[in-house]
Amino acid sequence: MVYQSIIVFLTIEKLLNPYLGLNLSRYVFETITTQTADLIARAVIVGLPDQEPRVTISQLSVIGNVPQGLYNVKFILNIPGVNIQGMILQGDITSDGFRFG
């Protein structure tokens, strides 16, 4: 799915968009705290509309899971141009990347 591709772990280079991706990798070696979870959420809220202006975020949660060493992320997205409301994407941010699940 194209919207999952935007929420990539690293910023990657593409010919037409050299800054594709939200670069969430910068947070993986930070201590898992509510403050870091808030920074991740802010990066998504600010970055996703820049990457894909047709998408709006209706809900976003980022919760740190210290025992497992990851952040659980859940998005609820709306894409009015194609009449999609309430699309749920969820996954985990780990040191290995963003894993949808």
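This is a predicted model: local features need pLDDT of at least 70, side-chain atom pairs count only at pLDDT 80 or more; totals for chains, interfaces and linings use all residues.

Me: Where does V66 lie, and why is this residue called exposed?

Reply: V66 sits in the loop between β1 and β2. Strands here are DSSP runs of E with at least two residues, helices are runs of H or I with at least four, and both are numbered from the N terminus. The relative accessibility of V66 is 57%. Exposed means over 50% relative accessible area, buried under 20%, and partly exposed in between, with a 1.4 Å probe and protein chains only. At 57%, V66 therefore counts as exposed.

Me: What makes β1 and β4 edge strands?

Reply: The open sheet has four strands in the order β1-β2-β3-β4, with antiparallel pairing. β1 (56–65) and β4 (97–100) each pair on one side only, which puts them at the edges. The twist averages 25° from one strand to the next. Helix α2 (residues 34–51) packs on the sheet and touches β1, β2 and β3 (84–94). Its direction makes about 155° with that of β1. Axes are lines fitted to C-alpha atoms, for helices over the stretch in contact, and angles run from 0 to 180 degrees between N-to-C directions.

Me: Why is the pair of F75 and F98 called tilted?

Reply: Two aromatic pairs turn up in a search of the whole structure. In this one, the ring centres are 6.3 Å apart and the planes stand at 50°. Rings of Phe, Tyr and Trp (its six-membered ring) pair if their centres lie within 6.5 Å; planes under 30 degrees apart count as stacked, over 60 as edge-to-face and the rest as tilted. The pair of F75 and F98 passes on distance, and 50° makes it tilted. Strand β2 holds F75 and strand β4 holds F98, 23 residues apart. Ring pairs also bring F100 into a cluster with F75 and F98.

Me: Are F75 and F98 buried or exposed?

Reply: F75 has a relative accessible area of 0%, so F75 is buried. F98 has 13% and counts as buried.

Me: What makes the nonpolar core a core?

Reply: The set must consist of buried Ala, Val, Leu, Ile, Met, Phe, Trp, Tyr and Cys residues joined through side-chain atoms within 4.5 Å. The largest such core has 22 residues, and L24, V62, F75 and I93 have the most contacts inside it. α2, β1, β2 and β3 each supply at least two of its residues. α2 gives the most, with six. Leaving out residues up to four places away in sequence, V62 touches A37, I40, A41, Y71, N72 and V73. Contact means heavy atoms within 4.5 Å.

Me: How do you know that R42 and D38 form a salt bridge?

Reply: Their side chains meet at 2.7 Å, N to O. The rule asks for a side-chain nitrogen of Lys or Arg within 4 Å of a carboxyl oxygen of Asp or Glu. R42 is exposed at 52%, while D38 is partly exposed at 35%.

Me: How many salt bridges are there in the whole structure?

Reply: The search finds three. One of the others joins E52 and R54 at 2.6 Å. E52 is buried at 7%, whereas R54 is exposed at 54%. D92 and R99 also form a salt bridge, with the closest N and O atoms 2.9 Å apart. D92 is buried at 16%; R99 is partly exposed at 44%.

Note on methods:
Residues are numbered from 1 along each chain as its sequence is written. Side-chain values use heavy atoms; hydrogens and water are left out. Two strands pair if DSSP finds at least two bridges between them.
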